[in-house]
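Dear colleague,

I am passing on the structure we spoke about, with the sequence alongside. Please have it open while you read the notes that follow.

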Amino acid sequence: MRAVPAESPRPSRPPRSERNPGRYATVPLSRNRRRTRRWIAALAAGVLLPLPLAACGGSDSQDAEAGNVGSARAGGDVRAAARQQIASGGTLRWAVDAPPSTFNVFQPDSTEATQRVAGATLPSLFDLDKRGRPQADPDFLRSAEVTDTDPRQTVVYKLNPKARWSDGRRLGAADFRAQWKALRGKNNAYWTARNAGYDRIRKITKGAGDDEVKVVFGKPYADWRSLFTPLYPKQAMRSPKVFNDGLRTSLPAAAGPFRVAKAGKDRSRTLLKRNPRWWGDRAKLDRIVLTAVPRDERTAALAKGKVDVADIGASTAERIGASNGLGGPQRPDAAEGAKNAAEARKLEAKRREARKRKARERLGAATARALGDYEVRRALDPAYTQLTLNASGGPLADERVRRAVAQAIDRDELAEKALAGTGLPDDPLGSHLRMADQDGYRDNSGAFGSADLDSAQSLLADAGWKTGGLAGPKADGSAGKADGGQQKGEKGEKGDEKEDRADGGPAEPPAAAGSPDAGGRAPHRAAAEASVVRLTAAQIARVVDRPLGLAASATAQRGAVLAQAAHSSLASAERAGSERKLSRARAALATAEKVQATAREMRLLAGDPASAVRSKDGKPLALRFVLPSGKGSAQLRATGKRIARMLNEVGIRTQIKEVPGESYFKDHIAAGDYDLALFSWPATAFPATEARPIFAKPRAASDGSLVVEQNYARVGTDRIDQLFEQAAGELDDGRRKELMEKADRRIWAVAGSLPLYQRPQLVAVKRDLANVGASGFTSPAYQDMGRRKS
């Protein structure tokens with residue numbers, strides 16, 4: 001999924017040897033001649049590739065269904081304009097994160113650029129509207145429907161008779177059949193990233209006419225609309241050699257408004273030209289150039305005018321806003337009468353000019369002027385950031401500890417901070433399977449929806465984690481007893497937690513351990529104060545990565561001095577306009593913040609009784625929190641640090657470790673080398689199929705290894721698997737939604753992952769461009785993009 005302002009990494013597709021029938025979210029397209037893109041999770045740290053969106057689809061009454069309403073900004077921001085208002089000709093330069101390593105979206109190393117190429121050049125039978133609902137694309141389909149279910153599900157596709165490949169051949173059954181055979185998973189020579197749905201097809205034949213295709217399924221398949229999008233020409237799928245290697249450098253034929261004209265030797269630039277054989281509305285642009293620009297170089301590329309469209313982060317968006325005189329409270333507000341309104345507008349104009357002057361002083365006149373040629377278009381990205389808890393071992397193997405972590409975290413605050421200043425809804429996400437602006441969304445977070453520190457404390461005590469510091473082992477080798485809490489081996493009143501309630505919802509956490517005492521203190525705080533023990537230097541070292549000193553006051557003083565010097569250097573660098581000096585100053589400020597955080601941690605450990613570290617069998621309750629380093633992941637790290645502070649409140653310490661973005665996912669998340677981690681998943685219109693691998697119960701392989709598919713929390717249940725399987729074969733839309741609701745509630749109950757917020761999508765676009773920008777669920781109509789007529 002991607003065009004993002006995002007700063008959180010996405011998991012990559014698993015190796016082909018795992019034969020993952022899963023997930024890589026589809027990207028939306030609008031109903032009228034939109035191309036659908038399928039997004040896969042990006043491995044690049046610091047990036048969350050977004051998904052394009054356009055405002056099409058359901059009626060206002062549909063969009064106002066209870067629980068489903070998002071803001072207008074959540075539906076997409078592309079500055080729509082009618083085709084007659086768009087000038088013909090010209091080139092659009094579009095920044096992408098990396099060159100297309102292949103033009104085959106079904107391979108594991110498909111990139112964001114691969115998805116954009118496919119969207120502009122290949123057929124998409126179904127588009128998604130702004131609410132994530134699949135709609136038949138009339139450029140390719142006259143109709144598609146289930147014509148029989150007994151004895152087998154049969155779908156008949158009636159293709160647009162005008163649809164032609166660029167070599168002149170009609171789209172037909174031969175293309176469907178070749179793609180099915182390549183993707184069904186029976187021939188391991190095809191290096192496919194996913195087989196879901198194709199593995200359920202029994203046969204494909206020609207229908208009653210040349211433009212009809214009949215697909216017969218061996219097993220009922222509810223998500224049949226997800227198949228054959230994009231559709232490749234038969235010659236691209238005819239052999240493993242072409243599928244694996246041939247599509248890396250070229251497409252044998254196109255059937256979209258554009259075609260691949262050239263890919264540079266270093267693949268950093270991919271040129272798409274108008275397709276003369278396209279039967280739909282003629283593309284307004286002559287060409288689109290996809291240019292590889294790393295995230296940390298986007299601001300410079302925009303300032304030099306090298307690209308027209310680029311996904312950006314919050315800091316770049318702020319610079320563009322400042323260059324346009326935006327920022328601060330927007331006026332005029334409620335002015336009564338024409339005179340007051342006019343005066344208010346004049347006042348706001350003066351303020352904007354003042355902000356522009358400040359931007360020129362801070363950024364430099366040339367940079368501010370160049371950035372002023374762009375505007376920021378924004379929407380909710382069809383992707384969400386989540387906290388993942390590794391349940392394969394350690395404290396988090398206990399469901400009670402995972403639930404305590406979930407209840408210690410204030411998701412409202414995290415969402416509010418992450419989305420501050422975006423103008424987008426900042427409510428936390430309440431579902432693992434649907435986004436807040438998606439059809440069918442319901443908040444299933446239940447007991448885990450908001451922070452409840454007393455319940456978190458009770459869960460930890462029930463699991464045997466006591467407050468009162470770290471008691472070393474006794475002389476006989478047994479663990480010492482911490483004051484306060486329960487004795488080792490004692491069970492809470494509720495005993496072992498059940499998997500979930502009978503109705504499929506999360507099991508209710510234990511009730512708070514009493515009510516505030518006479519002093520107004522919460523129960524967990526009173527218990528901690530009664531049993532606090534100051535920690536030794538050795539104990540501090542066990543729960544803090546690298547303490548810089550044993551005196552909290554000295555460390556705090558050092559942090560303050562470093563911060564003062566860093567802020568002075570930062571101001572000087574901004575005045576000088578030197579990127580090198582800015583980089584050094586920001587690094588110095590980051591170091592100062594780490595020292596200050598260490599001082600706060602030492603004070604908590606040594607003196608704050610309410611935040612005393614919990615322990616069990618002489619070991620502290622300390623979790624390894626792995627986060628990606630790099631400029632593009634700043635927002636993610638900020639969220640991680642807020643989570644760490646929240647966990648401090650219930651006596652859980654975190655050891656934050658920042659690792660290079662390129663190794664973050666492969667060497668830590670996929671390998672299971674972490675306790676807590678933050679990353680993002682793309683949304684999908686077909687959760688029964690495409691979300692299943694993320695939550696499937698891990699299984700033991702014949703060689704003794706654990707097959708986790710994409711379930712990096714490494715926890716699941718048989719019942720969750722059964723619900724996904726039932727939903728995948730349920731053709732009734734209402735019943736399928738009910739099954740997905742039940743699955744989501746049970747996923748919340750096992751507490752392996754905690755959805756935090758739907759990510760913002762921020763896109764810098766040249767002011768005169770229309771029908772391109774932050775698309776949300778729907779991908780752009782490439783043939784409608786262009787510059788407005790003057």
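Which residues of α3 are buried? In this predicted model they are A173, D175, F176, A178, Q179, W180, A182 and L183. Because eight of the 11 residues of this helix, which spans residues 173-183, are buried, α3 is largely enclosed by the rest of the structure. As for what surrounds the helix, its buried residues pack against the strands β5 (154-159), β6 (201-206) and β7 (212-217), and also against the helices α4 (234-237) and α5 (240-244). After α3 comes G185, which has a positive phi, near 90°.

Turning to the chain as a whole, the protein has 22 helices and 22 strands, and buried residues make up 56% of its 790 residues. Of the contacts in the protein chain with a separation of 6 or more, 74% are accounted for by residues 24 or more positions apart. The accessible surface of the chain comes to about 31400 Å², and carbon and sulfur atoms hold 48% of that area.

With best wishes

Definitions and conventions. Residues are numbered from 1 along each chain as its sequence is written. This is a predicted model: local features need pLDDT of at least 70, side-chain atom pairs count only at pLDDT 80 or more; totals for chains, interfaces and linings use all residues. Side-chain values use heavy atoms; hydrogens and water are left out. Buried means under 20% relative accessible area, exposed over 50%, partly exposed in between (1.4 Å probe, protein chains only). Helices (H or I, at least four residues) and strands (E, at least two) are DSSP runs, numbered from the N terminus. Contact means heavy atoms within 4.5 Å. Accessible areas come from the Shrake-Rupley method with a 1.4 Å probe; for residues, only the protein chains shown count as cover.
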